Amino acid sequence: MTFRHLPTFLAGLLVSAVLATPGAAAALDRAAVVAGLCGNAGQMFEAAAALTATAATGSDEDRAWALALPRALIEKTLACDAAGAVLGNGRLDAVSRVVREPAPDARAPVLSLKNRAVFEQADAALALRSTPDAGARAAALRMLERRPATIPEGLLDAAAARESDPALKAQIEGLAQTAALNASDPTARLRAIGRIAENPSRRALAQMAELTRDPAYATNADFRAAIDAATRRIERGIAIGDVLAALYNGLSFASILFMAAIGLAIIFGLMGVINLAQGELIMIGAYVTWMVQQGLRAVAPALLDWYLILAIPVAFVVTAAIGIALEALLLRHLYKRPLMSLLATWAVSLFLVNLVRVVFGTQNMQFETPFYVSGGVPVIGDFIFTWNRMFAIAFAVVTLALTWAIVRKTPLGLNIRAVTQNRDMAACIGIPTRSVDRMAFGLGSGLAGLAGLALSPIYSVNPQMGQNFIIDSFMVVVLGGVGTIAGTVVAALGIGQINVLIEPLWGAVAAKVIVLLMIIAFLQWRPEGLFAVKGRRK
Amino acid sequence: MTPITRDRPFLLLVALLVMLSVAMPLLSGTGLAPSRYLTNAIGQLAAFAVLALSLDLIWGYLGILSLGHGLFFAIGGYVVAMYLLKHSFVVTGTVPDFLQFMGWKEFPFYWAGFEFFPYAFGVAVAVTLLISGVFGYVSFRSRVGGVYFAIITQALVYVAMLLMFRNDTGFGGNNGMTGFSVILGWPMGTSGMITALAVASLVTLALVLVGCRWLVGSRFGALMLATRDDETRLRTLGYETLRLKLIVWCLSALLAMLAGMLYVPQVGIINPRVLSPELSLEIAVWVAIGGRGHLVGAVIGALLVNALKFWLSSAAPDVWPFILSGLIVLVVLVFPNGLMDLAKFRLARPMGPKRMETKRMARGIGEARS
């Protein structure tokens, strides 16, 4: 149950409780209603009001009984006689629903222009509550929308609570707000304004702006105060929502950056090599995820929803294998020449991009959206707590914990730290530095593959996608300093957040420019990065 | 280092460039003249060779790899494009496409004066020196070097590309600038102008080559090599390397800018693609393939790779990236000094006593920490 829908939900519960208790709603005097239908214009109007009220608060049996009446009246299939009235061609008595012939002098009541509208509304109100066909309910809703001011309070809330179709339910709730705002009862309007202000959104703000043009805004001080307070409250809510949305997007962007950069940072700290193909390993990770999805579709469609989880080991192993192969075939020869390793890894990235382009084409890959990454929870304003971004964030947190555990708690991690701090000394005491390099390279590459998996529900997946993250993740490594997990975390959070916070103010380009200038300025102060290991400057 | 007068590959290349730049105008109009396409291609290749020389100066001789030299190339290119558009507008009244696209009535204020070539040239030099100077100073002062420097320059050129992709900057946006019709008062696109531009590029290349050769052969060049091979020792001996690195860095940026100024009139268009990190990386690939730390190698590398690219990107566009990546891996693993490793086998033998020196030089570069 969502925060935004909570009031409606409670109202729905209340209404359901009322409806479920027999006798709580005043039983409809059926004979009186039918008599009204056959009476003069004033009596017909009252009968229509009674029918509409039944739609809002009556019992289920009464509504089912009343459903046919307004339509029969509008279509002139109601025949009034001395004994009451007979419904339609089925020859049913209007009150008792027993088959009987109408009297020979039976007449169809004539609707005045005013009463026609009232009965149409009653018909729509009853149809909205009692028709099993969703299309007919939608049509009834459209009819009600024409005159929101005269919809009885509670009708729409009750209808929304019972509605099974989610799209129609949202429409009914929207109309309920509009109806309440336009209600003739001033206190109901004030209540509605307060209720709208509880769920700030741009739509709510537009509704408030609409109401400032209402005559009551100029004449009624209470009304004006309520509108102004609500407007302020909504604006504040929207502002908070925007900030939260930016922070949330920044956090998810930072999560991806972190996963791309932690591998880079480990490798760079260990070997002084920047892997320009890291972006392409991210891309491969995303493509492997896609292939797992396709494989499941063919082999085990029942498990299709779980492809994101099942792809985790596959993406890690494939990209780690590519990384280990890269190290064994290419980078092993280049440790003394780090600048040449830049060119070599770029050649690999060029190769991988074009290989994927030739094999899969340049179009974006289509991913299924499993239930655990679809949709989100609307929180406040435009901020929706979306599950796909939460997936990336949670994934990054788990990755962080595992990486930390590997580096801090395993023999491999101990070796990695030893070689990072002093390669020659580590070699002297018998650490196999070359195989440590290889394992670390595999670890770093595998983390890039996981980044590709985590971003596939958020960003589009195509051969060029690596480019979008690679330069930012380089900057994370530069800013964070080499070989420290904490530095990478802080730098990724900083760069991710700054990028996303500046973006709405001055645009995405300005955000990148400012981030770069800040990094260059920062290097003046700490050339070795945020969390550099203290030591001799090289 | 070999004295200039006995540096055979260098003398051969300069002689070839001079001969080509004399022969092309003389032959024009006769049946022996190269086609317009070929002439234009030669001119573009010469511009790329200047670009390669600019990077070789800083990477091969100072050990500083820039992955952002496309930035300075683009400054030259954009300024000369602004000159050409403004000049064409003043002479013929043609309104540039991007102004119409943006719905602007007149040039933005900072375009004032760009119809005068000396002013435009001055602006290009000033902007290049400003950016390279400030960026070089802050980087070298905090001793940012090696891989750090390379990826920060890459970020620099990437950010510049994003900036130029915006349409509201007044520099043509993502469509770039094109439609140049007049240069220095003469119409563009004629055979004569194509030859003239190609010859200008060849002459510039020859002059830059001679200038760089003189520089690296001088005492200053010896300091550059010393900085590359062991900067810490040089500083310990009391020499401030910041000024030296800054001078060479700015000089290299200026040469890259010059290459951009030669390149754009010949292709007739500039757009933010020249600022893509890929192009800047490719420059380093030309130099690596030709042999960094060798001026002649850088020129030959630029010519070979680009000639291959011209040919293959029309003949087999899908295959070119694979060939390029294969070439890079081959050079990086098997020929660390590029084509110069191949040339060593052929040239060293008949030269007798010089063999030792070549060998020592090659080893020195191979083992340098960069």
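Student: What makes two residues count as being in contact?

Tutor: Their C-beta atoms, placed from the backbone, must lie within 7 Å.

Student: Which stretches of chain B does UniProt list as "transmembrane region"?

Tutor: The unreviewed UniProt entry lists residues 45-64, 71-96, 116-140, 147-165, 194-216, 242-263, 283-307 and 319-339 of chain B under that name. Such annotations may be inferred rather than shown by experiment. Residues 147-165 of chain B are 100% helix and 0% strand, with end C-alpha atoms 27 Å apart. Residues 242-263 of chain B are also 100% helix and 0% strand, and their end C-alpha atoms lie 31 Å apart.

Student: Why does the size of chain B agree with a compact globule?

Tutor: For 370 residues, a compact globule would have a radius of gyration near 21 Å, and chain B has 21 Å, so the two agree. The C-alpha atoms of chain B fill a box of roughly 65 × 55 × 40 Å along the principal axes. Chain B holds 15 helices and 4 strands.

Student: Why is chain A called more spread out than a compact globule?

Tutor: Chain A has 23 helices and 5 strands. The globule rule gives 24 Å for its 538 residues, but the radius of gyration of chain A is 34 Å, well over that value, so chain A is more spread out than a compact globule. Its C-alpha trace spans about 115 × 60 × 40 Å along the principal axes.

Student: Why does Ile322(A) count as buried?

Tutor: A residue is buried if 20 or more other C-beta atoms lie within 10 Å of its own. Ile322(A) has 23 such neighbours, so it counts as buried. Ile322(A) is found in helix H15 (residues 307-329) of chain A. Leaving aside residues up to four places away in sequence, Ile322(A) touches Leu281(A), Ile284(A) and Ser445(A).

Student: Why is Leu184(B) called exposed?

Tutor: The cut-off for exposed is 12 or fewer C-beta neighbours. Leu184(B) has 12 other C-beta atoms within 10 Å, so it is exposed. Leu184(B) lies in the loop between strand E2 (182-183) and strand E3 (186-187) of chain B.

Student: What makes a set of residues a nonpolar core?

Tutor: The members must be buried residues of the nonpolar kinds, joined through C-beta atoms within 7 Å. The largest such core has 203 residues, and those with the most contacts inside it are Val50(B), Ala52(B), Leu53(B) and Val299(B). Helix H13 (residues 221-271) of chain A gives the most to this core, 16 residues. The partners of Leu53(B) include Val208(B), Leu255(B) and Val299(B).

Student: How do you know which parts of chain B are predicted with confidence?

Tutor: The predictor scores its confidence in each residue from 0 to 100, as pLDDT. Chain B averages 86, and 92% of its residues score at least 70. Within chain B, the mean is highest in helix H10 (residues 241-267), at 95, and lowest in helix H15 (residues 354-367), at 46. Over residues 348-370 of chain B, pLDDT stays under 50. For the model as a whole, the scores are ipTM 0.86 and pTM 0.76.

Note on methods: Residues are numbered from 1 along each chain as its sequence is written. Chains are lettered from A and ligands numbered from 1 in the order in which they are written. This is a predicted model: local features need pLDDT of at least 70, side-chain atom pairs count only at pLDDT 80 or more; totals for chains, interfaces and linings use all residues. Helices (H or I, at least four residues) and strands (E, at least two) are DSSP runs, numbered from the N terminus. The radius of gyration is taken over C-alpha atoms; the globule rule is 2.2 Å times the number of residues to the power 0.38.
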